[in-house]
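Q: Could we go through this model together, one feature at a time, so that I learn how to read its sheets, helices and backbone details?

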Amino acid sequence: MRKERPASKFLAVASAIGISLALAACGGGGGGGGGSFAFLPPTSTPPAGSGDNPPAGDLPDNPPPPPVQPVTSCADLAGRSLPASLISLPTQGATVTSATPVAASDAGNTLGDYCRVRGTIQPVDPNSQSINFAVNLPETWNRKTIHFGGGGFDGVLIDGTEVIRFGPAGKPAPLALGYATYGDDSGHQSGSITDGKFAANDEQLANYGGNSLKKTRDVAQALVLARYGVAPRHAYFLGTSTGGRDALSYIQRWPLDYDGVIANEPALNYTGTRLSNVAVGRALYNNGGAGWMDLSETLMVQKAAMQACDKLDGAADNIVSNVESCRQLNAQILASLTCPGGTKTAKTCLSDAQIDTVRAIESPLDFTTYSLANGVKRAGGYNLLEGALVAGPFTTRDLGTRKVPGNPATSADANMYVTGDQWVKFFVTRIADFDTLGFDPLNPGSYAARVTEVSNLTDATNPNLAPFFAHGGRLIMLHGLADEVISPNSTIDYYKQLVATLGQASVDRSVRFYTVPGMGHGTGSFIPNWDSLAALEGWVENGLAPATGVAVDAVAGTYGRTRPLCLFPAWPKYRGSGSLDAAVNYSCVTEVGDPLACPNLPAAVTTYKGGDSFGEELRVQIDPATMAYTVTIDASLQRTVGTVRSGTLVSEGNCSYASAESGAVFSFGAGGVLSGGVNAPSGGGFAPLLAFQNTFQNAATPTVFNPVANIFNAVGVQQGTGGTAAQALAVRLRNAGTFQYCRDAANGFMIYDTTCAQTEKGYIAYNGTRGAFDLFTTSPTGSAVTTGGTLTGSMVIGLVNGAAVPMHLVRESAANAGMRLFGTQQSLVSGTADGSYALLSVKGENHDATVAGSGFNLAGAAATLSYDTPVLGVAQADAGRPGNFIFNSGVLAFVSTDTAKAALELGVRH
């Protein structure tokens with residue numbers, strides 16, 4: 001930990017260079033190395049073997065210091081100057097242009113009592129603009145400083161009054177907490193952070209590349225010393241985007257000045273980012289704009305990626321967390337988007353040129369003819385096909401509104417291209433009307449050397465952070481995996497290079513790198529709030545290394561949900577139970593599997609036995625080698641027995657497959673259960689089906705039903721000429737194969753009672769030819785019998801991991817046909833049914849559903865569940881999605897009490 005110099009030694013050093021601590025009329029200085037002011041104590045190197053934590057039993061050697069009061073009034077700082085000799089890099093000195101006391105009681109001030117200092121640092125080149133700086137000096141100082149980095153092309157003063165970026169809601173700004181804070185405008189002034197004209201001047205470009213940071217830091221630390229008479233105990237740097245690049249660039253060049261750094265979504269491969277911007281622009285706009293995509297087409301791409309990958313992490317939450325598994329679906333997603341023959345035929349598909357644009361956004365740039373700074377040969381692509389949102393309601397950016405861009409590009413053009421165009425014009429060619437579409441990022445020709453030169457000025461890709469680590473420096477990096485402005489893949493590349501250069505152990509001691517699914521560039525479907533500053537301080541000052549954190553979502557529509565903040569390369573995977581909105585129900589995992597693989601597929605050609613919602617008994621044959629399927633009708637009132645439907649299943653991930661059955665999605669559940677659909681016998685659409693790899697057959701003599709006999713709840717649907725209606729009942733299946741239904745007159749569900757008034761009775765008998773039980777209805781007032789009666793349907797008793805899942809297929813008449821599913825009438829404990837489901841409705845719709853404790857979401861409608869309501873084994877959903885479900889061995893069946901909704905939805909748990 002940092003050690004303070006004895007006061008006498010400190011005063012002696014200050015006296016030796018002729019500076020009065022009472023005012024420091026010529027300015028002051030900062031600590032650390034890199035040519036900074038000698039009268040500030042340098043950061044000390046931790047004693048050998050001290051590691052990240054103080055020795056057991058010892059108190060930290062840096063308890064929070066008492067607050068420091070100023071020794072110099074705020075007004076006395078005004079008009080003071082600092083000579084160029086006390087600034088590490090060439091300047092013409094610095095001047096304080098104003099020093100204004102701000103009272104805590106001033107209108108609109110939430111930052112406490114402080115001295116607001118503003119000033120300029122004069123350039124060497126008379127044609128260069130000055131650096132404007134801001135320093136804020138609190139009346140009660142905690143002996144810590146924070147340097148804030150910039151954003152975009154800068155040009156706007158970073159005044160140091162901001163709150164922590166992505167910090168916890170309600171936490172005051174660091175200035176209000178007693179930190180001395182500072183920032184600058186990087187040495188040029190502009191009304192837009194996408195204005196690159198400044199870079200036509202060498203000194204301004206060098207200042208933007210990092211020189212202004214060092215100059216401002218030196219001046220700020222001098223003012224801190226002048227104001228308080230003592231040096232800071234700890235100095236931190238916080239930056240986001242370009243500011244994240246600033247933070248990394250600083251510790252790569254001047255490693256001793258800061259104790260800890262936070263680099264959020266850093267634009268560290270700055271030149272690679274701009275070259276990627278140009279590559280995207282060329283794909284969009286060359287060839288007459290053939291590759292350009294409007295908003296609806298861009299949203300179509302994003303929707304296809306989200307549908308393919310959202311559930312790969314176990315949760316349907318509009319966040320793609322399993323990014324690398326999702327990446328394996330790129331080819332499938334692009335194929336689903338491509339117009340037949342690659343020629344644009346409709347707005348619902350993309351031409352080959354538009355597909356090339358998607359690839360240009362998605363793919364990295366690999367430089368084979370030249371290198372960027374520090375030998376970098378690659379610029380990361382954007383995760384467009386893995387959940388990044390480059391347009392739409394979760395971002396402020398898009399691909400523009402016209403096929404032909406302006407020269408220069410404007411806000412009517414793709415956001416990516418605007419910054420790339422400015423970079424080519426003013427950083428590289430310095431030709432204001434240069435046609436950027438003619439600039440090839442992979443082969444810049446005569447500009448290749450200039451690109452590398454600019455890269456050396458602006459990039460922060462030096463992986464040798466050993467000097468920063470050696471003095472105890474700590475680094476926290478955070479990047480959203482859905483960043484649409486700065487590629488997270490470039491930051492991942494840099495982290496990997498750190499490990500390759502310094503070793504995993506060294507990096508683990510000094511770096512924490514968090515990647516955040518769903519997070520864009522301050523945008524996205526998940527914006528994390530967490531106290532990164534507290535984490536950094538705890539690490540630097542007390543040796544408490546951060547581990548997995550908890551981030552709170554700041555997006556308005558999902559505000560307050562939480563996720564674990566996982567260290568790269570881990571990502572948050574839903575555990576399968578509990579609220580989807582609670583971090584405790586996720587684990588940080590590193591697994592990357594084949595998203596198209598399904599562990600529930602049969603090993604060989606297999607036949608499943610079951611039925612559909614029209615009461616049709618059927619078989620489904622699956623060939624796992626080709627994913628060919630056939631559905632054969634074995635018994636039906638609506639169509640000819642032996643009718644066959646066939647097709648090929650196409651994986652959608654999570655054991656779900658698209659089919660040729662009017663859009664029905666087939667899903668394979670654990671234990672040999674299959675849900676899907678078959679073209680309806682009439683009226684179009686599909687009829688939901690459920691089928692089982694293993695069934696209870698009972699061909700023995702005498703018949704014994706003990707293994708499957710029980711008291712059940714039943715839900716189902718009646719479909720026929722009389723319309724469609726949901727059903728809810730109690731039913732007992734006895735050892736002899738007889739059954740009795742009971743129905744409550746008010747809500748259907750009831751505790752089974754042998755004397756119930758509304759009842760149906762009958763028995764089942766095994767039919768070996770069809771592999772199912774014929775179902776006979778007998779007199780509702782007579783005793784239980786196993787002979788006679790009227791054949792009114794059949795029953796398939798599925799065995800899922802040995803548990804019985806009976807299904808009654810009703811074929812009484814054209815007016816009364818349907819399906820009923822059974823679940824035991826025993827307590828359904830909260831958590832038992834937790835998970836994600838693929839459901840199919842009798843309206844011919846596919847829906848996702850999630851059960852998480854008392855939370856239920858069906859097709860986007862959220863409801864709260866009450867278990868064992870109205871009877872044991874039934875869950876009741878409130879007005880958010882009114883209805884009830886039963887659960888049996890991974891099968892869920894939901895009946896709606898909202899007559900505008902589908903009467904029955906059924907399916908399996910993923």
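Q: In this predicted model, which strands does helix 14 lie across, and at what angle does helix 14 run to strand 11?
A: Helix 14, residues 532–542, lies across strand 5 (144–148), strand 7 (234–240), strand 8, strand 11 and strand 12, and the direction of helix 14 is at about 155° to that of strand 11.

Q: What is the strand order of the open sheet of 10 strands, and what kind of pairing does that sheet have?
A: The order reads 1-2-3-4-6-5-7-8-11-12, and the pairing in this open sheet is mixed. Strand 1 (81–82) and strand 12 (511–516) each have a single partner strand, so one side of each is left without a neighbour in the sheet, and these two stand at the edges.

Q: How many bridges join strand 8 to strand 11, and do the two run parallel or antiparallel?
A: Strand 8 (residues 260–264) and strand 11 (residues 474–480) are joined by 5 bridges and run parallel. As a residue-level reference for this pair, A263 stands opposite M477 in strand 11. Helix 12 (residues 488–502) also packs on this sheet, where helix 12 touches strand 11 and strand 12, and the direction of helix 12 makes about 150° with that of strand 11.

Q: What order and pairing does the open sheet of 3 strands have?
A: Here the order is 13-14-15, and the pairing is antiparallel. The edge strands, strand 13 (528–529) and strand 15 (562–565), each pair on one side only. Strand 13 pairs with strand 14 (residues 549–553) in the antiparallel sense over 2 bridges, and N529 stands opposite V552 in strand 14.

Q: How should I describe a pair of packed helices, and what are the values for helix 7 and helix 8?
A: In general, two packed helices are described by the angle between their axes together with the distance between those axes. In this case, helix 7 (residues 330–337) and helix 8 (residues 352–362) pack at an angle of about 150°, and their axes are 11 Å apart. Angles over 145 degrees count as roughly antiparallel, and helix 7 and helix 8 are therefore roughly antiparallel to each other. The crossing in which helix 7 passes helix 8 is right-handed.

Q: Which residues of helix 7 meet which residues of helix 8?
A: From helix 7, N330, L334 and L337 meet I355, V358, R359 and E362 of helix 8. Sorted by class, this contact of helix 7 with helix 8 has 4 nonpolar, 1 polar and 2 charged residues.

Q: Where is the cis peptide bond that involves P408, and what is its omega?
A: The cis peptide bond joins N407 and P408, with omega about 10°, and P408 is placed in the loop between strand 10 (378–379) and helix 9 (415–429). A cis peptide bond also joins T869 and P870, where omega is about 5°, and P870 is placed in the loop between strand 38 (861–867) and strand 39 (875–877).

Q: What is the phi value of N318, a residue other than glycine?
A: Phi of N318 is near 65°, which is a positive value, and N318 lies in the loop between helix 5 (295–309) and helix 6 (323–327). The relative accessibility of N318 is 30%, so N318 counts as partly exposed. Phi of N374 is near 60°, again positive in a residue other than glycine, and N374 lies in the loop between strand 9 (365–366) and strand 10. With 44% relative accessibility, N374 counts as partly exposed.

Terms used: Residues are numbered from 1 along each chain as its sequence is written. This is a predicted model: local features need pLDDT of at least 70, side-chain atom pairs count only at pLDDT 80 or more; totals for chains, interfaces and linings use all residues. Side-chain values use heavy atoms; hydrogens and water are left out. Two strands pair if DSSP finds at least two bridges between them. Helices (H or I, at least four residues) and strands (E, at least two) are DSSP runs, numbered from the N terminus. Axes are lines fitted to C-alpha atoms, for helices over the stretch in contact, and angles run from 0 to 180 degrees between N-to-C directions. Angles under 35 degrees count as roughly parallel, over 145 as roughly antiparallel, 65 to 115 as roughly perpendicular and the rest as oblique. A crossing is left-handed if the near helix is turned anticlockwise from the far one by less than a right angle, and right-handed if clockwise. Contact means heavy atoms within 4.5 Å. Ala, Val, Leu, Ile, Met, Phe, Trp, Tyr, Cys and Pro count as nonpolar, Asp, Glu, Lys and Arg as charged, and the others, Gly among them, as polar. Buried means under 20% relative accessible area, exposed over 50%, partly exposed in between (1.4 Å probe, protein chains only).
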